[in-house]
Amino acid sequence: MVTKLDRTVSIAPMLDWTDRHDRYFLRLISSKALLYTEMVTTGAILFGDEARHLSFDPAEQPVALQLGGSNAADLAKCAAIGERYGYQEINLNVGCPSDRVQNGRFGACLMAEPNTVADCIKAMKDTTALPVTVKNRIGIDDLDSYQHLVDFIGTVTAAGCKTFIIHARKAWLTGLSPKENRTIPPLDYPRVYQLKKDFPDLEIIINGGITTLEEIDVHLDHVDGVMIGREAYQNPYFLAAIDNRYYELSDESPERQDIIQNMLPYIDREMKKGVPLKSITRHMLGLFQGRPGAKAWRRHISENAHLKDATPSVLKEAAAKIR
């Protein structure tokens, strides 16, 4: 059964960061924010270890699958597989500027091929009942006029896409690294606001450089939702106020120590399956960001979680240093 997703606040798909362990951890902080997988390429699903790339804990819900690819038939197959695994949305990456992604002819370079994107959206919508969405930039290289963005959105909308997640920076496909493309091109929030005015029937989600609740409040006056990226990873407890502030839940925000305690059974289960402790705890290093003892917390985990005989007690020991 497909339910309408609330995208008021979501957490961005971030390669090497938003894996299933990180999503489980973030879900303990916010029960409502929509979570996204890392980008998973169609090739990894169709020719690799499908279960390794797509399996997740039901506790992560609501969670969306982001796909990378440009072959409509392959994307359609992967969308159907994603639905079978229980994801609640299929998102197409039209924003990643890395050389590897460009060489595979997907990601941000597809902003130069709106008809290709439209064909992919239509193919996916024909094979799944899930919402199919697009995450894109405001432009690439010299294709950075507002009219180009409008034409791109219009073409893809005609294929059936009703939700666009807009990273409010252009991407330089040559000359800047993916890391530089997340910070150097200037943010242009007003351009995204204007898109919402020009396409009032579309759901427009804004992304890029958002780090405070006050900034979220400002954006929600102009668009339908806000996607948080690096701040949600580097300072995850930032999300603790989300449920009460934007979803009107009366429950008090979880305490950091309770979040740690609630992670322990999950860590124990995963380690019994052969998952190294460090693969999970690396996502938790920022839990005490900005608090006294945060450095000691990070250091103890970094120095001990990778050891061969490491157990979940590493987290308890690190937490004790906070007190």
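Reply: Aspartate 251 is placed in the loop between α12 (242–247) and α13 (256–272). Helices here are DSSP runs of H or I with at least four residues, strands are runs of E with at least two, and both are numbered from the N terminus. The model is predicted, so local features need pLDDT of at least 70 and side-chain atom pairs count only at pLDDT 80 or more, while totals for chains, interfaces and linings use all residues. Residues are numbered from 1 along each chain as its sequence is written, and side-chain values use heavy atoms, with hydrogens and water left out.

Aspartate 251 is exposed, at 59% relative accessibility. The classes are buried (under 20% relative accessible area), exposed (over 50%) and partly exposed (in between), with a 1.4 Å probe and protein chains only.

Now the pairs. Side chains of opposite charge can pair when their charged atoms come close. A salt bridge needs a side-chain nitrogen of Lys or Arg within 4 Å of a carboxyl oxygen of Asp or Glu. The count is 14.

One of them joins glutamate 89 to arginine 7, with the closest N and O atoms 3.0 Å apart. This pair links distant parts of the chain, 82 residues apart. Glutamate 89 is in the loop between α4 (72–85) and β4 (90–94), and arginine 7 is in the segment before β1 (9–11). Glutamate 89 is buried at 0%. Arginine 7 is also buried, at 6%.

Aspartate 126 is exposed at 56%, and lysine 122 is partly exposed at 48%.

Arginine 191 bridges to aspartate 188, with a closest N to O distance of 3.5 Å. Arginine 191 is buried at 19%, while aspartate 188 is partly exposed at 25%. Shared partners also join salt bridges into one network of Arg7, Glu89 and Glu203.

Next, the cysteines. A disulfide is a covalent bond between the sulfur atoms of two cysteines. The rule used here is a pair of cysteine sulfur atoms within 2.5 Å. The structure has zero disulfides. For cysteine 96, the closest cysteine sulfur is that of cysteine 109, at 9.5 Å, too far for a bond. Cysteine 161 is in no disulfide either, as the nearest cysteine sulfur, in cysteine 120, is 12 Å away. Cysteine 96 is buried at 19%, and cysteine 161 is buried at 0%.

Valine 314 is in helix α16 (residues 313–322) and is buried at 6%. Tryptophan 297 is 17 residues from valine 314 in sequence, and 9.9 Å from it in space, C-alpha to C-alpha.
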